[in-house]
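Please examine the structure shown below before reading on. The briefing that follows is grouped by topic and is intended for a reader new to it.

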Amino acid sequence: MCECATPLHWLSVPEYEGLYEVNDHGEARSLDRVVTEVTGKKRRHRGRTLKPTILANGYHYIDFNLGGMQQRIAVHRLVLLVFVGPPPPGTEGCHGDGDPSNNHVDNLRWGTRSSNMLDAVRHGRNRNAAKSRCLRGHRLVSPNLHPSALPNRNCYACRLAVDRAGYARKVGRSFDLVAVADRYYHRIMAGDYPCYVPSVP
């Protein structure tokens with residue numbers, strides 16, 4: 001028994017009806033149409049599959065043209081708009097498998113910025129989540145992780161030093177940020193400094 005390919009479902013792109021369509025696999029195409037030039041002459045344009053622009057971060061974009069005005073739209077956002085509907089307030093397009101090139105409708109959802117960042121961490125695509133040391137060389141392990149900054153893995157010792165530096169500037173004192181951050185780090189790792197406790201609202 002042969003396995004047939006899943007048929008593609010093509011739908012019109014909102015605001016570009018009769019000009020462009022997108023399918024549920026994340027492909028876009030222009031449609032056959034007749035264009036009237038400035039001279040009044042009519043010219044026929046044949047529809048074609050549109051090749052996406054792929055940015056360095058792996059996301060795919062499509063350029064649409066309407067009346068000489070060009071608009072670039074992210075393919076995952078386009079598929080969600082067409083097949084799911086407009087984004088609820090405070091949401092953005094998310095890839096379920098973390099692969100920005102997989103724009104199949106089943107792999108996409110509207111989600112919060114926070115859930116999108118957690119997806120990136122889960123799939124190993126968030127560079128901050130993989131950091132083992134901060135810029136000053138302090139190890140990013142408990143108890144030297146600032147919980148309020150997760151999943152970005154910020155250094156608790158450096159955060160304390162930066163806070164003190166701000167106060168020192170305010171009162172006009174000189175301050176050695178690196179030396180103070182190092183002192184905080186050694187105290188934290190030795191257990192001589194209280195762990196971070198978030199304030200209760």
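Ala-161 lies in helix 3 of this predicted model. With a relative accessibility of 0%, Ala-161 counts as buried, because buried means under 20% relative accessible area. The points below begin with the surroundings of this residue and then turn to other parts of the chain.

**Ala-161 and its surroundings**

- Apart from neighbours within four places in sequence, Ala-161 is in contact with Phe-175, Leu-177, Val-180, Ala-181 and Tyr-184.
- Ala-161 and Tyr-184 are 23 residues apart along the chain, and their C-alpha atoms are separated by 7.4 Å.

**Helix 4**

- Helix 4 spans residues 177–190 and has 14 residues. From its first C-alpha to its last, helix 4 reaches 20 Å, close to the 20 Å expected at 1.5 Å a residue.
- Val-180, Ala-181, Tyr-184, Tyr-185 and Ile-188 are the buried residues of helix 4. They lie on the same side of helix 4, because they cover an arc of only 140° around the axis.
- These buried residues pack against helix 3, which comprises residues 156–171.
- Arg-183, His-186 and Ala-190 are exposed residues, carried on the face of helix 4 that is turned away from its buried side.

**The ends of helix 4**

- At the start of helix 4, the backbone nitrogen of Val-178 has a side-chain oxygen of Asp-176 within 3.4 Å.
- Just after helix 4, Gly-191 adopts a positive phi of about 80°.

**Glu-21 in strand 2**

- Glu-21 belongs to strand 2, which covers residues 20–23.
- The relative accessible area of Glu-21 is 13%, so this residue is buried, the cut-off being under 20%.
- A polar contact of 2.7 Å joins the side chain of Glu-21 to the side chain of Arg-29.
- Leaving aside neighbours within four places in sequence, the residues in contact with Glu-21 are Trp-10, Leu-11, Ser-12, Val-13, Glu-27, Ala-28, Arg-29 and Leu-31.

**The second largest pocket**

- The second largest pocket has a volume of about 240 Å³.
- This pocket is lined by 14 residues, of which Tyr-20, Ser-30, Arg-48, Leu-50 and Asp-63 are the closest to its centre.
- Strand 8 (residues 60–66) supplies four residues, the largest share of the lining of the second largest pocket.

Notes
Residues are numbered from 1 along each chain as its sequence is written. This is a predicted model: local features need pLDDT of at least 70, side-chain atom pairs count only at pLDDT 80 or more; totals for chains, interfaces and linings use all residues. Side-chain values use heavy atoms; hydrogens and water are left out. Helices (H or I, at least four residues) and strands (E, at least two) are DSSP runs, numbered from the N terminus. The expected span of a helix is 1.5 Å times one less than its number of residues. Buried means under 20% relative accessible area, exposed over 50%, partly exposed in between (1.4 Å probe, protein chains only). The arc is that of the directions from the helix axis to the C-beta atoms. Contact means heavy atoms within 4.5 Å. A polar contact is a pair of N or O atoms within 3.5 Å; within protein, one must be able to donate a hydrogen and the other to accept it, and residues adjacent in sequence count only if both atoms are side-chain atoms. On a 1 Å grid over the protein atoms alone, a cavity is a set of points where a 1.4 Å probe fits but cannot get out, and a pocket is an open set with protein on both sides within 12 Å along at least five of seven lines; lining residues have an atom within 4 Å of a point. Grid points are joined across faces, edges and corners, and a volume is the space filled by probe spheres set on the points.
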